[in-house]
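Please read the briefing below alongside the sequence and the coordinates.

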Amino acid sequence: MLTISKTSAHFRFWFDNKILPTFCCIMSLATINKYEFDLTQTVKADAKAQAFPCGQTTSTARHLTQEELDKLSSDEALVSDFKQMKLEKEAQKNWDLFYKRNTTNFFKDRHWTIREFEELRAHREFESQKLVLLEAGCGVGNCIFPLIEEDPHIFVYACDFSPRAVEFVKKNPLYHPERCCAFQCDLTKDHLTENVPEGSVDVVTLIFVLSAVHPDKMKLALENISKVLKAGGVVLFRDYGLYDHAMLRFKSASKLGDNFYVRQDGTRSYFFSKEFLAKLFEEAGFQSVVNEYVLRETVNKKEGLCVARVFLQSKFIKPANSQTGSGLLSYKSSKQGKRED
């Protein structure tokens, strides 16, 4: 058996005696090593960026160098329609395989969410008031379990596209039915109301989730979320922004559409402009409160690399019913909120 691994990136490639002879006819060992190195760098960069989100906020997109502009302009060829349909059909399988390979070791726990989104601890009428949260696209629970540990008065509905990810959530020692309800769900077609009471959720978190959805189906996901969110409730959003380093790293034959790419493992990623995101939420019936780019630099001193990371961090509310005014937030109080770095 041949093992090629990078423990720091938390993944391994295994080739048994049955697969290796055929595989080696297709790829040389040098090619395998290069593929592994490229994927390792992407894993390291994405995992680190999601763990340490602080950065400079700006209302304008990142300025590209001439070299970067040339690269984007030269990469116009799209993946074939046949392959695109296959990727859409196999999207769940590809994410399930992702969690099979990486288990719970890919991302660090996101302890930064409370600092970045004050709505997760504020805007309650009294301290012991229960906060009902929906984590849409929960993965293996890197966001929800730090919240459950810190706040005894929070109840979390957690759903994910991948059944395997949901099973990892349920096996976590911190998972208790009285604090969390996890279930598998395709946000673009499965009704959230089958597991979450309509209009019962105070806050929805969409953290590095919507980018994995086909752009044509993003509005369906938001409309689905809106049904379980209270009037006056808030959606907290953070995801990949336009011209992020990961976007510029994609090689030819990876482009699916404008700002939409496929990774080597078959999972897909969209890179948001603030204009596209605002229009998307507004068409789904939400109002924009905060919608900013977050610019960071990831430095690898050992390799002498400094790369630009770009994320979009936003807040959108479901307009409050003028008669009931339910939900944790009003538009005015949300607008006055400031980032805490």
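This is a predicted model: local features need pLDDT of at least 70, side-chain atom pairs count only at pLDDT 80 or more; totals for chains, interfaces and linings use all residues.

Residues are numbered from 1 along each chain as its sequence is written, and side-chain values use heavy atoms, with hydrogens and water left out.

**Overall make-up**

- The protein has 12 helices and 13 strands, where helices (H or I, at least four residues) and strands (E, at least two) are DSSP runs numbered from the N terminus.
- Of the 341 residues of the protein, 50% count as buried; buried means under 20% relative accessible area, exposed means over 50%, and partly exposed lies in between, with a 1.4 Å probe and protein chains only.
- Among contacts between residues at least 6 apart in sequence, 75% join residues at least 24 apart, a contact being heavy atoms within 4.5 Å.

**Salt bridges**

- Side chains of opposite charge can pair when their charged atoms come close.
- The structure holds 11 salt bridges, each defined as a side-chain nitrogen of Lys or Arg within 4 Å of a carboxyl oxygen of Asp or Glu.
- Lys-255 forms one of them with Glu-76, the closest N and O atoms being 3.9 Å apart. Because Lys-255 belongs to strand E9 (residues 255–257) and Glu-76 to the loop between helix H3 (66–74) and helix H4 (81–89), the pair ties together parts that are 179 residues apart in sequence. Lys-255 counts as buried, at 8% relative accessibility.
- Glu-88 and Lys-217 meet through their side chains in a salt bridge of 2.7 Å, N to O. Glu-88 lies in helix H4 and Lys-217 in the loop between strand E7 (201–207) and helix H9 (218–228), so this pair ties together parts that are 129 residues apart in sequence. Glu-88 is partly exposed at 25% relative accessibility, and Lys-217 is partly exposed with a relative accessible area of 30%.
- A salt bridge of 3.1 Å, N to O, joins the side chains of Glu-119 and Lys-315. This pair links distant parts of the chain, with Glu-119 in the loop between helix H6 (113–116) and strand E4 (131–136) and Lys-315 in strand E13 (residues 305–317), 196 residues apart. Glu-119 and Lys-315 are both buried.
- A network of salt bridges links Lys-86, Glu-90 and Lys-93.

- Helix H5 (residues 91–102) and helix H8 (residues 163–171) pack at an angle of about 40°, with their axes 7 Å apart. The axes are lines fitted to C-alpha atoms, for helices over the stretch in contact, and angles run from 0 to 180 degrees between N-to-C directions.
- H5 and H8 are therefore oblique to each other, since angles under 35 degrees count as roughly parallel, over 145 as roughly antiparallel, 65 to 115 as roughly perpendicular and the rest as oblique.
- On the H5 side the contact is made by Gln-92, Asp-96, Tyr-99 and Lys-100, and on the H8 side by Pro-163, Arg-164, Ala-165 and Phe-168.
- In H9, the residues Met-218, Ala-221, Leu-222, Asn-224, Ile-225, Ser-226 and Val-228 are buried, and what covers the buried residues of H9 includes E4, E7, strand E8 (229–240), strand E11 (268–270) and helix H11 (274–283).

**Individual contacts**

- Gln-313 lies in strand E13 and is buried, with a relative accessible area of 5%.
- Gly-199 lies in the loop between strand E6 (180–184) and E7 and is partly exposed, with a relative accessible area of 33%.
- Leaving aside its neighbours within four places in sequence, Gly-199 is in contact with Lys-227, Val-228, Leu-229 and Lys-230. The C-alpha atoms of Gly-199 and Ala-231, 32 residues apart along the chain, are separated by 7.2 Å.

**Backbone angles**

- Most residues other than glycine have a negative phi.
- Ala-253, a residue other than glycine, has a positive phi near 70°; Ala-253 is placed in the loop between helix H10 (245–249) and E9 and is exposed, with a relative accessible area of 55%.
- Asn-259, a residue other than glycine, has a positive phi near 60°; Asn-259 is placed in the loop between E9 and strand E10 (260–262) and counts as buried at 18% relative accessibility.
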